[in-house]
Amino acid sequence: MKELAPYFLPVLCTMAFAIVLTILFLRQENKKRRHELRLKESLELMRLRFQAYERLILLMERLKPEALVLREQKRGLTTLQFQTLLLKIIRQEFDHNIAMQLYVDDKTWTRVKAAKEALVKLINTTATGIANNASALELSRQIIEGAGGETILYFNNAIAAIREEMNKLYGK
């Protein structure tokens, strides 16, 4: 047994050194994998944010009063029917894109909501000044005429906020 003692200590030192090296190597590999995973997730998040910006710009362009009214104009509708149709379409479009608020700043989302609310207000206030059984064309004409001021400003502000946020995060 005494003959093995001089060999036993170097073997133990070598084993301990190998174990320490293996542990350090595995830790480094785990760090590397976590970093790669974070990088992959950040690329996916960036893709989702770009998609959100695109969808919100499209939403704002589709909901601009003149675009909405001209796109949805149907023959034979009364003012009340057309008002109801427009409000339903606005609600559907907005609900379809509501998850995009996860990917944009609160300020930007607030401006998007303000544009939608301004449009709903414009449609409702315009419709109150027209007889319910009047032609939808009259409501369309008055919405387009009334949309020139404050309502369009809401839409332009929302689009500007979306672009500003995107440019701030990702450059121009």
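Glu145 first. With a relative accessible area of 55%, Glu145 is exposed. The terms run like this: buried is under 20% relative accessible area, exposed is over 50%, and partly exposed is in between, with a 1.4 Å probe and protein chains only. Its partner is Arg141, in a salt bridge whose closest N and O atoms are 2.8 Å apart. By salt bridge I mean a side-chain nitrogen of Lys or Arg within 4 Å of a carboxyl oxygen of Asp or Glu. Arg141 counts as partly exposed, at 40% relative accessibility. Both residues lie in helix α5, residues 136-146, and they are 4 residues apart, about one turn of the helix. Helices here are DSSP runs of H or I, at least four residues, numbered from the N terminus.

A word on the source. This is a predicted model, where local features need pLDDT of at least 70, side-chain atom pairs count only at pLDDT 80 or more, and totals for chains, interfaces and linings use all residues. Residues are numbered from 1 along each chain as its sequence is written, and side-chain values use heavy atoms, with hydrogens and water left out.

Back to the charges. How many salt bridges does a search of the whole structure find? The count is 8. One of them joins Glu44 and Arg47, with the closest N and O atoms 2.5 Å apart. Those two sit in helix α1, 3 residues apart, about one turn of the helix. Glu44 is partly exposed at 37% relative accessibility. Arg47 is partly exposed too, at 43%.

Now a bridge between helices. Lys107 pairs with Glu164, and the closest N and O atoms are 3.4 Å apart. Lys107 belongs to helix α4 (residues 106-128) and Glu164 to helix α6 (residues 150-170), so the pair ties together parts 57 residues apart in sequence. Lys107 is partly exposed, with a relative accessible area of 40%. For Glu164, also partly exposed, the value is 45%. There is a network as well: salt bridges link Arg71, Glu72 and Lys74.

Next, surface patches. The residues in them have over 30% relative accessible area and no salt bridge; like charges are joined within 9 Å, and nonpolar side chains (Val, Leu, Ile, Met, Phe, Trp, Tyr) within 5 Å. Lys and Arg count as positive, Asp and Glu as negative, and His and the chain ends are not counted. A charge is placed at NZ of Lys, CZ of Arg, CG of Asp or CD of Glu. Which residues form the positive patch? Arg27, Lys31, Arg34 and Arg38. Lys31 is in helix α1, residues 5-63.

A nonpolar surface patch consists of Phe17, Val20, Leu21 and Leu24, together about 390 Å² of accessible area. Accessible areas come from the Shrake-Rupley method with a 1.4 Å probe. Val20 is in helix α1. Val20 is partly exposed, at 45% relative accessible area.

Now inside. A nonpolar core is a set of buried Ala, Val, Leu, Ile, Met, Phe, Trp, Tyr and Cys residues joined through side-chain atoms within 4.5 Å. The largest one has 33 residues, and Leu56, Met60, Val112 and Ile123 touch the most other members. Helices α1, α2 (65-72), α3 (79-96), α4, α5 and α6 each supply at least two residues of this core. The largest share, 7 residues, comes from α4.

Last, Ile159. This residue is in helix α6. Buried or exposed? Ile159 counts as buried, at 6% relative accessibility.
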